[in-house]
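Please look through the following protein with its sequence and its 3D structure side by side. The paragraphs after it take up the packing of its helices, then its sheet, and then the chain as a whole.

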Amino acid sequence: MNLDRTGAPHEPGSQWYDGEAGPLVRPYAMTGGRTRSGPAGVRFDLIALVTLDASARGVDDDPALGPEHRALIDLCRTETQSVAELGAGADLPVGVVRVLLGDLLERGCVTVSRPVPPAQLPDERILREVIEGLRAL
């Protein structure tokens, strides 16, 4: 008796997944086994904003770009999106999205706006004083 991945019996030669399982490509296959993006190991924050570079030409004809790269490009065509949004929109793990974005960044296909570090944000006290001053007008 043969068992499928859930432990249930199945016939030899039958598929162990159904039509709703989706594509069965392992994440490491999408990234070529890489876990870090780019030669410099650039890290993308979840809230970093990714925009399709207007000067990027020929991205649709580039044979080095896989279907996952193209899915991220298509998502960025409509609007700027965060790394987390791209992962959800492309239905890919964030680790895979980070590696693929590194490829796109190296090719000049996208630009990334990193979030402002908290230390560089204005002090909350100053913002409250500005609001109070505006209300006084």
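Helix 3 (residues 83-90) and helix 4 (residues 94-106) pack with their axes 9 Å apart and at an angle of about 110°, where helices (H or I, at least four residues) and strands (E, at least two) are DSSP runs numbered from the N terminus, and where axes are lines fitted to C-alpha atoms, for helices over the stretch in contact, with angles running from 0 to 180 degrees between N-to-C directions. Helix 3 and helix 4 are therefore roughly perpendicular to each other, on a scale in which angles under 35 degrees count as roughly parallel, over 145 as roughly antiparallel, 65 to 115 as roughly perpendicular and the rest as oblique. Val83, Leu86 and Gly87 of helix 3 make the contact with Val94, Val97, Arg98 and Leu101 of helix 4, contact meaning heavy atoms within 4.5 Å. By class, this contact of helix 3 with helix 4 has five nonpolar residues, one polar and one charged; Ala, Val, Leu, Ile, Met, Phe, Trp, Tyr, Cys and Pro count as nonpolar, Asp, Glu, Lys and Arg as charged, and the others, Gly among them, as polar.

The model is a predicted one, in which local features need pLDDT of at least 70 and side-chain atom pairs count only at pLDDT 80 or more, while totals for chains, interfaces and linings use all residues. Residues are numbered from 1 along each chain as its sequence is written, and side-chain values use heavy atoms, with hydrogens and water left out.

In the loop between helix 3 and helix 4 lies aspartate 91, which has a positive phi of about 55° although it is not a glycine. Most residues other than glycine have a negative phi. Aspartate 91 counts as exposed, because its relative accessibility is 69%, with buried meaning under 20% relative accessible area, exposed over 50% and partly exposed in between (1.4 Å probe, protein chains only).

Helix 4 also meets helix 2 (residues 67-78), and the axes of this pair come within 10 Å and cross at roughly 80°. Helix 2 and helix 4 are therefore roughly perpendicular to each other. On the side of helix 2 the contact involves Glu68, His69, Leu72 and Ile73, and on the side of helix 4 it involves Val97, Leu100, Leu101, Asp103 and Leu104. The residues of this contact of helix 2 with helix 4 divide into six nonpolar, one polar and two charged.

Three strands form an open sheet in the order 4-3-5, with antiparallel pairing, two strands being paired if DSSP finds at least two bridges between them. Strand 4 (81-82) and strand 5 stand at the edges, each with a single partner strand, so one side of each is left without a neighbour in the sheet. Helix 4 packs on this sheet, touching strand 3 and strand 5, and the direction of helix 4 makes about 115° with that of strand 5.

Strand 3 (residues 49-52) runs antiparallel to strand 5, to which four bridges join it; in strand 5, threonine 111 is the bridge partner of threonine 51, and serine 113 is that of leucine 49. Two bridges join strand 3 to strand 4, again antiparallel, and here the bridge partner of leucine 49 is serine 82. Strand 5 (residues 110-113) has a covered face, formed by Val110 and Val112, and an uncovered one, formed by Thr111 and Ser113.

Serine 82 belongs to strand 4 and counts as buried, because its relative accessibility is 9%. Apart from its neighbours within four places in sequence, serine 82 is in contact with Leu46, Ile47, Ala48 and Leu49.

For the chain as a whole, the protein has five helices and five strands, which follow the pattern β-β-α-β-α-β-α-α-β-α along the sequence. Of its 137 residues, 25% count as buried, and of the contacts with a separation of 6 or more, 66% are between residues 24 or more positions apart.
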